[in-house]
Amino acid sequence: MIYFLRPCVLNTFPNQKTSEWTLDYPPFFAYFELLLSRLAPYFDPAMLVISATPYTSPATVLYMRLTVIAADLVYLYAAYVWVALLTDPAKHLVHGLGLRAIPSSSAANTEQWTSSPMLYTFLLLVNVGHLLVDHIHFQYNGLLNGLLLLSMARMVDGQIYWSALWFAVLLNLKHIYLYAAPAYGVFLLVEHCLTIDRNSPLRGSRLHWRPLLTLAVIVVGVFAASFGPFIARGQLPAILRRLFPFARGLSHAYWAPNFWALYNGADLLLAKVLRRGSGGRGGITSGLVKVSEHAVLPTISPNTSLTLVMIFILVSLYF
């Protein structure tokens, strides 16, 4: 089923439930779907009808596939920007980050494919994750990862304000990229807003207010454009509950490739061996918003999970 703006907005409010699945994307993605909804009636107007029953049709699937292909053009452009950046020997920032500029040409065909920009462009565009996951699941990750690549390219190129702008837009399209936000913040602060005396970091550090304030205005401006209309209507708490649905469980429908998937699996196994009920089978891995508990292992609260995430992020930032 395809969710455009009208069903998404209705699913934001607790008293108007049209689906057992929650909207867990920030407002910019709703704006993006609003744009898609303007063309959707030309393919199948029924896809915009608000209903708790999933709907599909050949025209709907065709339209979704075409919109994914169109959105992938952002990823294509980002790949072009990256390869152009890496092939420019004048970009000293590339060498400063430990990256080697790619030779722009080669005489032999073998050398052309192994050392030229063509190979790197091919590897970026034929991304297995996009082909096997996004082009089936319709999450528009080509668009999202394209913005991430573009933001990183602008950062490497020294265009920090454009880098911050695209990353802020990305966060308001899909907030799973919050995991990268601390690294972005530390890099921009240390490399562009601070002058640090390596011999005396505490006494010799100097804060540059102009780039710091400029970055703050850019980030706050993007978030204000995204959440401002909802804040004005008093809907921010409802949106935050949707964006962080902790009751969906630790591993969310079996696919999360992290420690909690192993933890939940161990609880299911122990529950069967010790015959202590079903473990988290019905809630922890269902993907639905249901409060559930582990059968044998200690139940992990949202605060515990958040604390562990922050600890590991801080450790990685230190090193």
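Reader: How many helices and strands does the protein chain have?

Author: Helices (H or I, at least four residues) and strands (E, at least two) are DSSP runs, numbered from the N terminus. The protein chain here has 14 helices and 2 strands. This is a predicted model, in which local features need pLDDT of at least 70 and side-chain atom pairs count only at pLDDT 80 or more, while totals for chains, interfaces and linings use all residues. Residues are numbered from 1 along each chain as its sequence is written, and side-chain values use heavy atoms, with hydrogens and water left out.

Reader: What percentage of the residues in the protein chain is buried?

Author: Buried means under 20% relative accessible area, exposed means over 50%, and partly exposed lies in between (1.4 Å probe, protein chains only). Of the 319 residues in the protein chain, 36% are buried.

Reader: What does the accessible surface of the protein chain come to?

Author: Accessible areas come from the Shrake-Rupley method with a 1.4 Å probe, and for residues only the protein chains shown count as cover. For the protein chain the total is about 19100 Å², and 67% of that belongs to carbon and sulfur atoms.

Reader: Among contacts between residues at least 6 apart in sequence, what percentage joins residues at least 24 apart?

Author: Contact means heavy atoms within 4.5 Å. In the protein chain, 62% of the contacts between residues at least 6 apart in sequence join residues at least 24 apart.

Reader: At what angle do helix 3 and helix 8 pack?

Author: Axes are lines fitted to C-alpha atoms, for helices over the stretch in contact, and angles run from 0 to 180 degrees between N-to-C directions. Helix 3 (residues 58-86) packs against helix 8 (residues 141-156) at about 25°, and their axes are 7 Å apart. Angles under 35 degrees count as roughly parallel, over 145 as roughly antiparallel, 65 to 115 as roughly perpendicular and the rest as oblique. Helix 3 and helix 8 are therefore roughly parallel to each other.

Reader: Is the crossing of helix 3 and helix 8 left-handed or right-handed?

Author: A crossing is left-handed if the near helix is turned anticlockwise from the far one by less than a right angle, and right-handed if clockwise. Helix 3 and helix 8 make a left-handed crossing.

Reader: Which residues meet there?

Author: On the helix 3 side they include Ala71, Tyr75, Ala78, Trp82 and Leu85, and on the helix 8 side they include Leu143, Gly146, Leu150, Ala153 and Arg154. The residues of this contact divide into 15 nonpolar, 3 polar and 2 charged. In this sorting Ala, Val, Leu, Ile, Met, Phe, Trp, Tyr, Cys and Pro count as nonpolar, Asp, Glu, Lys and Arg as charged, and the others, Gly among them, as polar.

Reader: How do the axes of helix 8 and helix 9 cross, and at what angle?

Author: These axes come within 7 Å and cross at roughly 160°. Helix 8 and helix 9 are therefore roughly antiparallel to each other. Their crossing is left-handed. Among the residues that meet are Leu144, Leu147 and Ser151 in helix 8, with Ile160, Trp166 and Phe167 among those in helix 9. By class, this contact has 11 nonpolar, 2 polar and 1 charged residues.

Reader: What is the angle between helix 10 and helix 11?

Author: Helix 10 (residues 181-193) and helix 11 (residues 209-232) have axes that come within 9 Å and cross at roughly 150°. Helix 10 and helix 11 are therefore roughly antiparallel to each other. This crossing is right-handed. Leu188, Leu189, His192 and Cys193 in helix 10 meet Pro211, Leu212 and Leu215 in helix 11. The contact of helix 10 with helix 11 divides into 6 nonpolar, 1 polar and no charged residues.

Reader: Where is Leu173?

Author: Leu173 sits in the loop between helix 9 (160-171) and helix 10. With a relative accessible area of 7%, Leu173 is buried. Leaving aside neighbours within four places in sequence, Leu173 is in contact with Tyr25, Pro26, Phe28, Phe29, Leu144 and Leu147. Leu173 and Tyr25 are 148 residues apart along the chain, and their C-alpha atoms are separated by 6.6 Å.

Reader: Is Ala295 buried or partly exposed?

Author: Ala295 has 25% relative accessibility and counts as partly exposed. Its place is the loop between helix 13 (259-274) and helix 14 (302-318).
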